[in-house]
Amino acid sequence: MTFDLTLSGSDLLLLAPEIFLTIWLCVVLAVDFTFKQIDHENLAYLSVGGVIATLINLIWFDYTGVQGALFKDMFVLDGVAIFFKILVLISTALVLLASIDYVKSFKFFKGEYYFLVMMSALGMMFMASAQDLLSVFVTLEFSTFGFYVLVAYLREDQKSSEAGLKFFILGVFAAGLLAYGISLVYGETGTLVFSEMASAPGSIGLAIGFIMIFAALGFKIGAVPFHSWIPDTYQGAPTPVTAFLSIAPKGAALAILIRMFYVALATFKPTWVLLFVVASILSMTYGNIVAIAQKNIKRLLAYSGIAQIGNVMIGLAAGTKRGSDAILFYLLTYLFANLGAFAVVIGVSNLIKSDEIEDYNGLNRRSPFLAAAMLLFLLSLAGVPPLAGFIGKLYIFVAAIEQELYTLLIVGLINIVISMYYYLVVVKKMYINEPHDPTPLSVSTPLKTVIFVGIAGTLLLGIYPKPFIDWAVDATLMFSNITAPTASDPAILTSLAGG
Amino acid sequence: MLEELEFGFPILSILLFLPLLGAIGLWTLRDTDLIKKTALGVALFELALAVLLLLRFIPESAAMQFSERLNWIPALGISYHLAVDGISILFVGLSAFITVLIILYSWDTVQDRAKAYFMSILALETTIMGIFVSIDLILFFVFWELMLVPSYFLIKLWGVGEEKHYAALKYVLYTLLGSVFMLVGFALLSLNYHDVTNMYSFDLLDLLKVPVPVSDQLLIFWFIFMGLAFKAPVFPFHTWLPDALVQGPIGMSVVLAGVKLGTYGFLRFSFPLLPEASTNATVVVIVMSLALAAIVWGAIIAIMQPDFRRLLVFSSISHLGFVVLGLFALNFQGLQGSLLQMINLGFTTAGLFFLAGFLYDRLGNTLLDNCGGIASKMPLLATFFLIIGMASIGLPGTNGFIGEFLILLGAFQAHWVYGAVAVSGVIFAAAYFLWYYERAIFGPIGEHVPQALKDLTQRETIIAVSLCVMIFWIGLYPSPFLRMVNGSVQAVMDRLDHGSIASIEQDRMLLSHAVALEPEGQDRAMAIRNPQSAIRAPLNPEGRTE
């Protein structure tokens with residue numbers, strides 16, 4: 001296999017967002033070194049500016065329909081890639097803004113923090129474009145290295161170091177699995193490009209290889225049974241990093257999962273559907289049940305995140321074009337609700353230095369704004385209409401019903417009821433219980449901005465989801481031929497009524 | 001019921017969002033007195049709009065009136081589609097009426113966090129209005145679920161019982177459990193529509209045009225039944241009700257006992273969409289047995305209650321049994337009686353809850369031990385208590401009589417056994433009410449009755465009088481109300497009688513007939529909305545993707 005690396009100007013255009021972000025993060029680092037006395041808050045705004053510029057670039061690509069593939073299909077820019085890059089960049093911008101107050105409490109390496117966040121974001125942007133197992137491996141590791149450092153950023157805090165170590169060991173293990181899986185798949189098929197694998201005949205080696213790759217990606221998205229690192233890492237990591245971890249890498253890894261299963265493994269759909277059904281049921285049930293017992297809000301959100309990924313995998317289990325639309329839209333709704341909830345957690349922990357749910361007692365009296373925002377985000381996560389989460393869940397359940405996945409559906413629905421319970425427990429503490437310390441809490445402007453963006457997103461996606469659904473539908477046009485919908489067969493309902 | 005009439009003015013949207021805007025407006029106010037006045041003003045304006053709606057409503061018509069439609073999520077065929085017909089029109093008026101009374105009742109009785117309370121009440125009104133005016137299934141579901149949010153806070157924050165936290169959570173989780181099943185039922189209906197037309201739609205009027213295969217109807221029926229039965233609540237899904245009604249504030253109890261959302265759903269969705277399943281012999285026997293069990297069991301338990309609010313809870317379960325009985329008698333009188341009885345309960349059961357509230361405010365609880373001989377101290381209360389109570393047990397001349405009479409007529413037509421068992425419920429009802437009344441209101445003055453016991457205040461009298469006016473109006477001259485519901489009830493009846501396929505053919509014929517007669521059809525300010533669109537063929541231009 002030879003690589004032809006001659007690039008023309010128009011080819012480079014496809015890489016423009018990544019190139020720009022690379023230059024920008026070097027600039028941020030350089031500014032930090034050169035002007036020692038610069039206020040780190042300004043550094044943060046500089047970073048956010050760069051991320052937003054990249055975002056605008058991508059939105060312009062999406063609008064004008066710039067698409068293409070580079071390096072023998074290793075890097076592809078299509079609707080799905082653009083969607084996930086935008087998802088990653090929005091979360092990066094929000095996380096950077098939410099970090100400002102938190103970073104002030106760091107003793108050193110304040111500037112490098114912003115650099116590392118953007119670095120991870122860059123890696124995830126490449127992940128969204130990976131269409132080849134080699135680039136999957138490289139980009140996945142690229143983005144994860146930034147996180148290894150970020151998770152252990154609080155050097156003085158034992159929990160943070162523990163979190164970093166756990167994350168590192170399990171992450172490296174997952175990377176090993178991924179590499180081994182890739183080598184098996186290459187051995188069986190003789191290619192690394194997804195689209196070329198589609199015609200390969202099935203074999204045991206291929207199956208084992210893909211299961212290993214699935215395990216490695218499952219580690220990234222935190223699906224049961226690959227979730228064990230999540231609660232401790234989420235709890236120990238600096239809260240803005242937890243917020244970042246809870247959405248961006250999951251999105252990027254899902255981009256790879258969708259591509260891999262929809263393109264490379266389209267012919268084996270009946271087999272992998274089962275894989276996702278099981279993983280989805282386990283994630284939803286485990287995540288929701290264990291979340292009930294949590295006393296720490298970050299752990300609660302960690303488990304709720306595991307459950308939410310279970311919901312997302314319902315879309316993969318459906319394995320249709322609509323399933324992929326639903327995943328994209330669901331991730332958007334999850335982005336705003338989840339980041340918003342973490343922003344509230346950051347706000348509270350900045351002020352009272354605690355993440356215990358007990359300390360949310362009477363939050364409504366101390367800061368009605370934070371309490372109301374948290375209420376909205378939790379209700380959206382629970383799927384209460386007309387908030388974003390409801391439309392996301394509805395969409396994903398419709399995709400499942402189309403494919404007659406009734407067991408999955410019933411488990412999913414029961415899980416909604418379970419999840420409502422622990423979200424309401426937090427609501428109860430905020431609104432009903434008396435605060436231990438009734439001093440009012442004030443929220444800084446950047447954090448307020450993040451919370452307002454979260455509120456706006458949660459409401460907008462719920463009340464007027466049309467443009468976003470259209471976007472998701474357009475982005476996944478390339479999967480239109482994956483499997484013809486079988487819903488036109490009236491036997492669906494009949495068979496259901498029979499059994 | 002496929003015909004749509006537009007009004008040229010989005011009166012339903014205004015009805016829907018006015019209370020919500022009012023609630024947001026309250027947020028900006030600080031002065032408690034001003035807050036109360038604004039809340040009352042908003043509620044009265046809403047009532048005025050609802051009365052206007054009732055006056056402009058064309059009676060004896062099965063058409064969907066005041067229709068408004070906007071695309072919401074075209075990819076799934078979900079639209080913002082509002083309309084009222086004979087089935088929902090009276091509920092709109094009732095909800096607006098009850099909200100005014102609740103605000104009046106809460107004027108002095110709610111001191112703690114008054115602003116949040118009135119905001120919750122107004123927000124609750126929006127969600128209830130939404131349930132009655134939505135004819136898109138998902139939009140309906142949105143309001144159905146959304147109603148839980150203000151209800152949860154009302155029970156939790158302003159509840160009067162010790163167990164209010166438990167009650168609030170139980171209410172939310174039980175209702176949620178039922179409604180997720182209902183959502184599956186709705187999705188299956190939409191999927192069936194997709195099988196035939198290759199488009200998605202959750203619009204009731206679209207779904208009515210496509211027959212559901214008889215074999216699938218049963219399954220969908222039970223899915224939807226779960227949602228409705230938990231909310232109604234139909235025996236034995238009622239266990240959340242005693243907790244919520246006894247522990248919650250009076251305002252919430254009035255809404256939960258007075259506005260019959262669950263049974264409304266049967267008339268709105270189950271019967272027209274799933275006529276074969278609704279008339280299925282097994283289904284009818286099962287539901288009728290549940291209804292009879294509720295009537296008899298509820299009434300017997302009510303007799304034994306020492307607490308007036310608990311008595312009302314079980315009497316409410318018993319009355320709901322009557323409503324379900326009338327519905328599943330599946331004949332015109334039964335449906336008509338049930339629909340009217342649902343409205344009646346909004347005046348009688350809800351009225352008794354108000355009276356329980358009056359007693360509670362004076363005595364600190366509603367236990368029988370603390371009452372006795374109150375009549376001599378509070379003659380006004382004793383009088384209204386008697387009137388509303390008599391209406392509740394169906395004394396001729398009151399509204400309860402009309403409703404129960406029609407229901408029993410329907411039940412006897414369906415099968416004499418149903419009627420015979422149900423009649424025993426009427427007797428039990430008289431027993432529990434009169435026995436309680438005698439012990440609490442008459443007789444020697446109880447030991448624990450405070451010396452200084454004020455009779456009804458002016459505000460309370462207004463509440464009681466307005467309830468009595470409605471009770472006697474419906475009781476003595478029900479025909480305006482019956483005329484409003486008749487057209488739609490007949491349309492539901494036709495679908496039940498002829499089954500879905502024949503009904504759809506008939507609707508098509510009627511619609512083409514309406515096209516021919518269009519000039520005469522332009523009654524008042526309304527016009528038949530582009531008749532071709534009412535029989536929208538599968539070729540829909542609005543990009544409803546599959």
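How many nonpolar, polar and charged residues does the lining of the largest cavity have, by class? The lining has 12 nonpolar, one polar and two charged residues. Here Ala, Val, Leu, Ile, Met, Phe, Trp, Tyr, Cys and Pro count as nonpolar, Asp, Glu, Lys and Arg as charged, and the others, Gly among them, as polar.

## Basis of the model

This is a predicted model, in which local features need pLDDT of at least 70 and side-chain atom pairs count only at pLDDT 80 or more, while totals for chains, interfaces and linings use all residues. Residues are numbered from 1 along each chain as its sequence is written, chains are lettered from A and ligands numbered from 1 in the order in which they are written, and side-chain values use heavy atoms, with hydrogens and water left out.

## Cavities

A search of the whole structure finds 11 cavities of 30 Å³ or more. A cavity is a set of points, on a 1 Å grid over the protein atoms alone, where a 1.4 Å probe fits but cannot get out. A pocket is an open set with protein on both sides within 12 Å along at least five of seven lines. Lining residues have an atom within 4 Å of a point. Grid points are joined across faces, edges and corners, and a volume is the space filled by probe spheres set on the points.

The largest cavity holds about 110 Å³ of space. Its lining counts 15 residues. Nearest its centre lie Gly383(A), Phe390(A), Ile416(A), Phe141(B) and Leu183(B). Helices α16 (388-402) and α17 of chain A and α5 and α7 of chain B each supply at least two lining residues. The largest share, four residues, comes from α16(A). Helices (H or I, at least four residues) and strands (E, at least two) are DSSP runs, numbered from the N terminus.

## The largest pocket

The largest pocket has about 1900 Å³ of space. It is lined by 45 residues, and Leu375(A), Leu376(A), Leu20(B), Met119(B) and Ala123(B) are the closest to its centre. The lining divides into 37 nonpolar, five polar and three charged residues.

Both chains take part. From chain A, α14 (363-366), α15 (368-382) and α18 (445-463) each supply at least two lining residues. With eight residues, α4(B) gives the most.

## The second largest pocket

About 690 Å³ is the volume of the second largest pocket. Of its 28 lining residues, Tyr102(A), Phe106(A), Leu154(A), Asp157(A) and Pro238(A) are the closest to the centre. Helices α9 (230-236) and α13 (321-352) of chain A each supply at least two residues. The lining has 10 nonpolar, eight polar and 10 charged residues.

## Salt bridges

Side chains of opposite charge can pair when their charged atoms come close. The structure holds 20 salt bridges over all chains (a side-chain nitrogen of Lys or Arg within 4 Å of a carboxyl oxygen of Asp or Glu). Glu162(A), Lys166(A), Asp232(A) and Arg299(A) are linked in a network of them.

Glu358(A) and Lys429(A) meet at 3.0 Å, N to O. They link distant parts of the chain, 71 residues apart: Glu358(A) is in the loop between α13 and α14, Lys429(A) in helix α17 (residues 406-431). Glu358(A) is partly exposed at 41% relative accessibility, and Lys429(A) is buried at 16%. Buried means under 20% relative accessible area, exposed over 50%, partly exposed in between (1.4 Å probe, protein chains only).

Asp243(B) bridges to Lys170(B), with the closest N and O atoms 2.9 Å apart. Asp243(B) is in helix α10 (residues 240-247) and Lys170(B) in helix α7 (residues 164-197), 73 residues apart. Asp243(B) is buried at 17%, and Lys170(B) is buried at 12%. Asp33(B) pairs with Lys37(B) at 3.2 Å between the closest N and O atoms. These two are separated by about one helical turn, because they are four residues apart in helix α2 (residues 32-56) of chain B.

## Around Asn296(A)

Asn296(A) sits in the loop between α11 (269-292) and α12 (297-318) of chain A. Asn296(A) is buried, with a relative accessible area of 6%. Leaving aside neighbours within four places in sequence, Asn296(A) is in contact (heavy atoms within 4.5 Å) with Gln235(A), Asp355(A), Glu356(A) and Ile357(A).

The side chains of Asn296(A) and Glu356(A) make a polar contact at 3.4 Å. A polar contact is a pair of N or O atoms within 3.5 Å; within protein, one must be able to donate a hydrogen and the other to accept it, and residues adjacent in sequence count only if both atoms are side-chain atoms.
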